[in-house]
Amino acid sequence: MYIDPALDKQFSTERLSALEAQRMAEFIAWGPVLFQVSRLMLKWGIFEMISQSGAGMTITEVAEKAGISEYAAKVLMEASLCSGTLLADAENDRFTLSKTGWFLLNDRRTRININFNHDVNYEGLFRLEESLKEGKPAGLRHFGDWPTVYEGLSQLPEQVQESWFAFDHFYSDESFRQALEIVFARHPKNLLDVGGNTGRWALRCVDFDGQVEVTIMDLPQQLELMRRFTAGKNGAGRIHGYGGNLLDGSTAFPTDRHYDAIWMSQFLDCFAADEIVSILRRAASIMDGESRLYIMETFWDRQKFDTAAFCLTMTSLYFTAIANGNSKMYHSDEMRRLVEQAGLQVEMIHDGLGQGHSIMVCSKPCSM
Ligand SMILES: C[S@@+](CC[C@H](N)C(=O)[O-])C[C@H]1O[C@@H](n2cnc3c(N)ncnc32)[C@H](O)[C@@H]1O
């Protein structure tokens, strides 16, 4: 295709040349093919065998070692060559791994994202247009007839659950160590973990502090998974459950004790803006001047690297098509506004935890 040199002038603030931009546009056009090719190169161990080979491998050698036809090896490897995950030596027909191929093979986040996108999102994303128009997760239907993915989480096929939890845990687990220091600096006696899922954070809390009592508030079916997961683990006796659907505006926060810390990790991104305000108002109703609400989120505007912001804004579309049809990864200014609408104030924001989490520390103004 002829590329008019004037294009580079017209978009002079962009770093990409017109040729690079055109290649990027084709990457988007062929995105699904590229994705599936790279996924199979990983799944069938081809990237790995090429990486370990040292001198590189020919198509015939790969076909033999991977136990696939020469045709299969050829189409996958030629596509990988032209997409830049493999390099080829024209002298001896040997293929080696490129830097991008190295990341696909060795970067844990990339592997988790690939599995999450294939097992959880791939088929459902076909219904993105419908989901956006209806404000409902139309892509969830092929898994089951639930209004949101959370109601169906415990019934999803095993492989889908595995990829969902790996994705969810990867982002939160890495931040827990630093988060414990922040939350326990105020020595909470009773902590309410809203959307506590399988109890991973609760277990870390009871292990970190020998006195703290933790109540997990989540959907009733989720609490069953939590009880199974925490059973017999250190401090599990200090972990309690409180079931309820927070999308129902009449579901109140527990008042059985004074919760000096309320914890919401990767929880509010499961809700639309008006739902967040409703949930936060109910949280505020059980808070006093001594209570603190900790919102741990991956805000896309507070990332150190562009790639992280890219992953997060892409994740928003999982929420659209699969999770609930109306939530997203938030910009921190947007979350601050919602916190304030609920009558709370943001005291401070800790950034740079684990894989790019921030903790928004919120309190109740004295006048409330
Ligand atoms: C993305 S997970 C976050 C899990 C955990 N806090 C973490 O940081 O890994 C969201 C949690 O919110 C819960 N949740 C979603 N919708 C809910 C609702 N309507 N009412 C109560 N809990 C809900 C889900 O069951 C799930 O455990």
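Strand β3 (residues 190-194) and strand β6 (residues 261-265) run parallel and are joined by four bridges. Within this pairing, Val194 stands opposite Met264 in β6. The model described here is predicted.

In general terms, the strands of a sheet pair through backbone hydrogen bonds, either parallel or antiparallel. Both β3 and β6 belong to an open sheet of seven strands, whose order is β5-β4-β3-β6-β7-β9-β8. The pairing in this sheet is mixed. Its edge strands are β5 and β8 (345-353), each of which pairs on one side only. On average, neighbouring strands of the sheet are turned by 20° against each other, with direction ignored.

At the β5 end of this order, strand β4 (residues 213-218) pairs with strand β5 (residues 239-243) in the parallel sense, over five bridges. One of the residue pairs involved is Val214 with its bridge partner Ile239 in β5. These two strands also take part in a β-α-β unit: β4, helix α13 (residues 220-230) and β5 together make such a unit, and it is right-handed.

| Strands | Bridges | Sense |
|---|---|---|
| β3 (residues 190-194) and β6 (residues 261-265) | four bridges | parallel |
| β4 (residues 213-218) and β5 (residues 239-243) | five bridges | parallel |

The description now turns to helix packing. Two packed helices are described by the angle between their axes and the distance between the axes. Helix α14 (residues 273-285) packs against helix α16 (residues 332-341) at an angle of about 45°, and their axes are 8 Å apart. This angle makes α14 oblique to α16. The crossing of these two helices, α14 and α16, is right-handed.

A second pair consists of helix α8 (residues 108-121) and helix α11 (residues 158-184), which pack at an angle of about 140° with their axes 9 Å apart. Here too the angle makes α8 oblique to α11; angles count as roughly antiparallel over 145 degrees. The crossing in which α8 passes α11 is left-handed.

Finally, which residues come nearest to the ligand? Of the 16 residues around the ligand, these are Ser172, Gly195, Asn197, Leu246 and Ser265. By class, the shell around the ligand contains six nonpolar, eight polar and two charged residues. Among the nearest residues, Ser265 lies within the range of β6 (residues 261-265), and Ser172 falls within the range of α11 (residues 158-184).

Notes
Residues numbered from 1 in each chain as written. Predicted model: local features only at pLDDT ≥ 70, side-chain atom pairs only at ≥ 80, totals over all residues. Pairing = 2+ DSSP bridges. Right-handed = clockwise from strand over helix to strand, strands pointing away. Near = placed C-beta within 6 Å. Nonpolar A, V, L, I, M, F, W, Y, C, P; charged D, E, K, R; others polar. Axes fitted to C-alpha atoms, helices over the stretch in contact; angles between N-to-C directions. Parallel < 35°, antiparallel > 145°, perpendicular 65-115°, else oblique. Left-handed = near helix turned anticlockwise from the far one by under 90°.
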